Amino acid sequence: MSMSHRRRSLAGLLAAMIFSIAAGAASAAEDAVVIPPPDVDEAAGPGTETAIFAGGCFWGVQGVFQHVKGVKSAVSGYAGGKAGTAQYETVSTGSTGHAESVQVTFDPSKVSYGKLLQIFFSVAHNPTQLNFQGPDQGTQYRSALFVAGPEQRKVAEHFIGQLDKAHVFAQPIVTKVSDTSGFYPAEAYHQDFLTLNPTYPYIVYNDLPKIENLKSLFPADYRSEPVLVRKGSKG
């Protein structure tokens, strides 16, 4: 694990703890929000489908989707920039156009794109934070959806409008919807990070509560054993 990786994690933990004390929070820096399902969703089709979600540090977002029934794989990586700059150290400068993202491959007969969006907006991140997420700052931590086609775009844009109209969140949703221009898997040490490092301070404070929120708010969609990138890698 790189030194800058450690610095970001420890700095993020310190910032989150300070924020928590100031706000009087008890555990996670971000609370889950109960939201309705989308009014418009894709019809279930044969085979698998792929969608890309960006919502802050990819450790927690990946961990959430790995615990969702119907998800075949969830891979941490980079989206929004060029292939030549898709490395952690470079993306961390915030100048590449990339966002830390998670590519989710799922079975639409078991979990719909709309359900994944509901989970994403509810427990995986805070969609009202512009170019940051919790303690992590920079455009690489922005909220974004990279859609695979017009159907995903229609569902995503309608759902964002639905949630804003209902004033589900105290602030407007800032999530940007863009066409997928490429996804580049992150370095091996980032994959399955939540599962492999359950006592890591950043994970304990920022990400494990997301898993508990998923289990609590979406019990029918929760799977206890995560689907991992590295098979048999659970520690």
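Two strands count as paired if DSSP finds at least two bridges between them, where strands (E, at least two residues) and helices (H or I, at least four) are DSSP runs numbered from the N terminus. The model here is predicted: local features need pLDDT of at least 70, side-chain atom pairs count only at pLDDT 80 or more, and totals for chains, interfaces and linings use all residues. Residues are numbered from 1 along each chain as its sequence is written, and side-chain values use heavy atoms, with hydrogens and water left out.

**Exercise 1.** Describe how strand β3 is paired and how enclosed it is.

*Solution.* Start with strand β2 (residues 71-79): eight bridges join it to β3 in the antiparallel sense, and V71 stands opposite F106. Next, strand β1 (residues 49-55) also runs antiparallel to β3, over five bridges; here F53 has V102 as its bridge partner. Finally, look at burial (buried means under 20% relative accessible area, 1.4 Å probe, protein chains only). Seven of the eight residues of β3 (residues 99-106) are buried, so this strand is largely enclosed by the rest of the structure.

**Exercise 2.** Is Q133 buried or exposed?

*Solution.* Q133 lies in strand β4 (residues 132-133). Its relative accessible area is 6%, so Q133 is buried.

Note on methods. Buried means under 20% relative accessible area, exposed over 50%, partly exposed in between (1.4 Å probe, protein chains only).
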